[in-house]
Amino acid sequence: MLKRFLFRCLGVGLLCLTGSATAEECTACAHAAQTFASAEHFNGVVLVGRGGAPDYAEAFGVADVTRRTPLTTATRFDTGSISKWIAAIVVMRLVQQGELSLDEPITTYLPDYRHDTGSKLTLRLLISHSSGVPNQIDEAIKRDPSTRNESLDNTTAVKRYASGDLRFEPGSEWDYSHSNWLIVKAITEKVSQRTYAQLVEDFIVKPLGLHDTGTWTGPSLSVPGMAIGYSLLSPPTPIEKASPDFMIMAGGFYTSANDMLQLLDGLFGGKVLTPPTLATLLKVERPAQNYALGGRTRVMEIAGKKRTVAWEYGSNGAFRVLAWRVVNDGHTVIIMNNTSFDHMKIGALATQLLEASYP
């Protein structure tokens, strides 16, 4: 029965379509996504929209093979590094409120941090990955995967995994270091006197009325309604990567395709940040990487015109999540996958869908 179910969902030309009905506003999007899903045995969710309204949304395959739970557009996914974009939004909200400054030395907020390097570091450098802080946390996890299960307070985590000698002069290079976000978390929680989870709830989830969005620590399956990540669907081979609380900014955010669309609409519609603060969030700090603050901004040739796109891609274990939004007109593509799918193919599909979303 299980094999027959998987064949029905994943066999070439035989799609398991669940969740939102296909919207007729973008038949070209539907054709592109369904053709891709059939040819590539894609297991995931695809959504194309404008503003806060979906023009096309469809789910392909399963969230849980054993229980035969189909994916829907409300299924929750671990978003990987999109978590950093969300963390940067939270930081910018505190900057907007006057509680933080992007360009103050971090020793202003963490006076016990080593002064020889802390006096050179700022939040802007940390959240644009141009600080030079070495990626000690990833190195520790590679040496000992049980590090993911550690429970450490901010002070201990920063001292142990984010206080090494700088790899380069701050601002001179770019290095994707998860250790940056341990420092950002320590600063944010100390200044706001709230947990990061509470800040996400207060600044994003509640104001935007999101239903399938939040933060998590420990195993991702501790979140009700979360898709299971698989390296293989048949035979079912789950992948589970735990995330400690001190890494919550780097990779502890989950959401659904429906909620991600509403989140982007709220962000770009001025419900989270003012236009000047949003402009700062999106301003590219490292041009070679299109990297702004926690996310990326780039100009793309789409439907015959150059358009500025705010975008990010995240992966963790088997999860692959992409979110692109055209800044000026709100055209949006969201793709979510839970089967270790080729990220280059996801990017190619996103480009095709964004093109198709224009008449």
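The mean positions of the 34 positive and 35 negative charges of the chain lie 3 Å apart, where Lys and Arg count as positive and Asp and Glu as negative, while His and the chain ends are not counted. The place of a charge is taken as NZ of Lys, CZ of Arg, CG of Asp or CD of Glu.

The model is a predicted one, in which local features need pLDDT of at least 70 and side-chain atom pairs count only at pLDDT 80 or more, whereas totals for chains, interfaces and linings use all residues. Residues are numbered from 1 along each chain as its sequence is written, and side-chain values use heavy atoms, with hydrogens and water left out.

**Overall form**

For 359 residues, a compact globule would have a radius of gyration near 21 Å, and the 20 Å of the chain agrees with this; the radius is taken over C-alpha atoms, and the globule rule is 2.2 Å times the number of residues to the power 0.38. Along the principal axes, the C-alpha atoms fill a box of roughly 60 × 45 × 35 Å. Of the 359 residues, 57% are buried, that is, under 20% relative accessible area with a 1.4 Å probe and protein chains only. Among contacts (heavy atoms within 4.5 Å) with a separation of 6 or more, 68% join residues 24 or more positions apart.

**Strands and their pairing**

The secondary structure comes to 13 helices and 14 strands, which are DSSP runs numbered from the N terminus, with at least four residues (H or I) for a helix and at least two (E) for a strand.

| Strand pair | Bridges | Facing residues |
|---|---|---|
| β7 and β10 (residues 253–255) | 2 bridges | Glycine 214 and tyrosine 254 |
| β11 (residues 296–302) and β12 (residues 305–316) | 7 bridges | Glutamate 301 and lysine 306 |
| β12 and β13 (residues 319–326) | 8 bridges | Asparagine 316 and phenylalanine 319 |

An open sheet of 3 strands, with antiparallel pairing, has the order β6-β10-β7. Its edges are β6 (77–78) and β7 (214–215), each of which has a single partner strand, so one side of each is left without a neighbour in the sheet.

In the hairpin of β11 and β12, 2 residues lie between the strands, and alanine 303 takes a positive phi near 50°. The hairpin of β12 and β13 also has 2 residues between its strands, with glycine 317 at a positive phi near 60°.

Notes
Buried < 20%, exposed > 50% of the residue type's maximum accessible area, 1.4 Å probe, protein only. Pairing = 2+ DSSP bridges.
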